[in-house]
Amino acid sequence: MRRPERVAELLREALAEIVGFELEDPRMEAVTVTDVRVADDLRDAKIYVVIEGDEAEVKAALKALKHASPYIRQQVGLNLNLRHTPHLHFMRDTVEEKASK
């Protein structure tokens, strides 16, 4: 397993913990982290999330995640002890939605 893949798995576990239990924003109650892709230089990470609800709730949750990303990044840095904590880019995971259609 390559280093970006190992870091991605560690990030996914840490982010699921932080988003699921530490954040108390009601807009993020229905957010589930499904996948993380880390760039080869470990500077950027795309976090794919599934958000339950209608389109307005999805947009509100993504906006809340973007607003909370500095705090989330700080917590990830404290938990994982990486030299450089990647910049977090939250994206909607539409694979399950497309599969259900």
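Two strands pair if DSSP finds at least two bridges between them. Helices (H or I, at least four residues) and strands (E, at least two) are DSSP runs, numbered from the N terminus. The model is predicted: local features need pLDDT of at least 70, side-chain atom pairs count only at pLDDT 80 or more, and totals for chains, interfaces and linings use all residues. Residues are numbered from 1 along each chain as its sequence is written, and side-chain values use heavy atoms, with hydrogens and water left out.

**Exercise 1. Find the hairpin and describe its turn.**

Step 1. Take S1 and S2. They form a hairpin with five residues between them.

Step 2. Check the pairing. S1 and S2 run antiparallel and are joined by seven bridges. Val-36 stands opposite Ile-47 in S2.

Step 3. Look at the turn. Leu-42 sits in the loop between S1 and S2. Its phi is positive, about 65°, although Leu-42 is not a glycine.

Step 4. Is Leu-42 buried or exposed? Buried means under 20% relative accessible area, exposed over 50%, and partly exposed in between (1.4 Å probe, protein chains only). Leu-42 has a relative accessible area of 18%, so it is buried.

Step 5. Compare Asn-81, in the loop between H2 and S3. Asn-81 is not a glycine either, and its phi is positive, near 55°. At a relative accessible area of 68%, Asn-81 is exposed.

**Exercise 2. Work out the strand order of the sheet.**

Step 1. Strand S2 (residues 44–51) and S3 run parallel, joined by six bridges. Val-49 stands opposite Arg-92 in S3.

Step 2. Write the order. The sheet is open, with three strands in the order S1-S2-S3 and mixed pairing. Strand S1 (31–38) and strand S3 (87–92) are the edge strands, each pairing on one side only. The twist averages 30° from one strand to the next.

Step 3. Ask how enclosed S2 is. Six of its eight residues are buried, so S2 is largely enclosed by the rest of the structure.

**Exercise 3. Trace the surroundings of Phe-90.**

Step 1. Locate Phe-90: strand S3. In S3, Phe-90 is the bridge partner of Ile-47.

Step 2. Classify Phe-90. Its relative accessibility is 16%, so Phe-90 counts as buried.

Step 3. Which residues does Phe-90 contact, leaving aside neighbours within four places in sequence? They are Ile-47, Val-49, Leu-62, Leu-65, Ser-69 and Ile-72.

Step 4. Take Ser-69. Phe-90 and Ser-69 are 21 residues apart along the chain, and their C-alpha atoms are separated by 8.5 Å.

Terms used
Axes are lines fitted to C-alpha atoms, for helices over the stretch in contact, and angles run from 0 to 180 degrees between N-to-C directions. Contact means heavy atoms within 4.5 Å.
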